[in-house]
Amino acid sequence: MTAPAAADDPTATDATTTDATTTDITAPATSAGSTQTHDAPRPGLTALEDDVERVLVVVAHPDDIEYGTAAAVDRWTAAGTTVTYLLATRGEAGIDGIPPEQAGPLRAQEERDGAAKVGVEVVEFLDFPDGTVEYGMPLRRAIAREIRRRRPDLVVTMSFEVFFAGGMANQADHRAVGLATLDAVRDAANRWIFRELAEQEGLAPWGGVRAVLLAAANEPTHYVDVTGHLDAAIASLEAHEQYNVHLPDDFPKPAQLVTSILTGGAQLAAAEGVEHAVAFRLLGA
Ligand SMILES: [Zn+2]
């Protein structure tokens, strides 16, 4: 990313998403709360169950997962869930002072280091060009391939909306990858789409994805209680050492940022005893 400071800071759950009234995913369209006043009690979000065996997290760049989502990953891996990271790029255009040929390998390693802090052993890169990722069949096919290979119960990606919660513009790669991931879940389940995956690569269709979770979404519906996982999440972002060093001096430090995001998530969750949470919008697959 050419403007890393602003673009990779989805502090969504920290923001004023006071219209997050939707908790019932079966009726999101009708319960959007447009008639509620600011005085109406906020119903909070629905807790996500832990009963998943395999999670695939698909994002555009090294560090996208580390602004909050990594805390949920730490909870899942601690419970025995296998979590795999899939990154569309190596983030090679994300540090202004370091040319892409050096930044790519450096950031890929920082992502592996950050992943290890929250119990993730496998980090894969699709090597699309950082900053100019396009939504399209090559991207969908590449993600569908990994879904068939990993056979996840749950797929996590970032919001593909134009604006994050809080009003900050979402970055182009995030939008492309988020939307392609949503579509790739269906592609992966359909034997007649990207037939070569089955016929030439031996990857059978996988229709076992129960839900797609969108991080930093405007209308979160669910939360993962990550109370007790704050330190691991901070360590995961701190592992992006060179990236962080090159951010502007006034950019919030990992501890401050992650604490703020997860505290904001807990406020949205509005559940007793939940000190820190990651808020997601859940889309049934
Ligand atoms: Zn990013």
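**View A. Threonine 84 meets valine 122 in strand 4.** In this predicted model, the bridge partner of threonine 84 in strand 4 is valine 122. Strand 4 covers residues 122–125 and pairs with strand 3. The pairing is parallel and runs over 4 bridges.

**View B. A right-handed crossover links strand 3 to strand 4.** The chain leaves strand 3 and passes through helix 3, residues 100–117. From there the chain reaches strand 4. This β-α-β crossover is right-handed.

**View C. Strand 2 pairs with strand 3.** Strand 2 spans residues 54–59, and strand 3 spans residues 82–87. Their pairing is parallel, over 6 bridges. Valine 58 stands opposite leucine 86 of strand 3. Strand 2, helix 2 and strand 3 form a β-α-β unit, and this unit is right-handed.

View D. Alanine 270 follows helix 9. The phi of alanine 270 is positive, near 50°.

**View E. The buried residues of helix 9 pack against helices and strands.** The buried residues include Leu257, Val258, Ile261 and Leu262. Gly264, Gly265, Ala266, Leu268 and Ala269 are buried too. An α-helix has 3.6 residues a turn, so residues three or four places apart point the same way.

Terms used. Residues are numbered from 1 along each chain as its sequence is written. This is a predicted model: local features need pLDDT of at least 70, side-chain atom pairs count only at pLDDT 80 or more; totals for chains, interfaces and linings use all residues. A residue is buried if 20 or more other C-beta atoms lie within 10 Å of its own, exposed if 12 or fewer, and partly exposed in between; C-beta atoms are placed from the backbone. Helices (H or I, at least four residues) and strands (E, at least two) are DSSP runs, numbered from the N terminus. Two residues are in contact if their C-beta atoms, placed from the backbone, lie within 7 Å. Two strands pair if DSSP finds at least two bridges between them. A crossover is right-handed if, with the strands pointing away from the viewer, the path from the first strand over the helix to the second runs clockwise.
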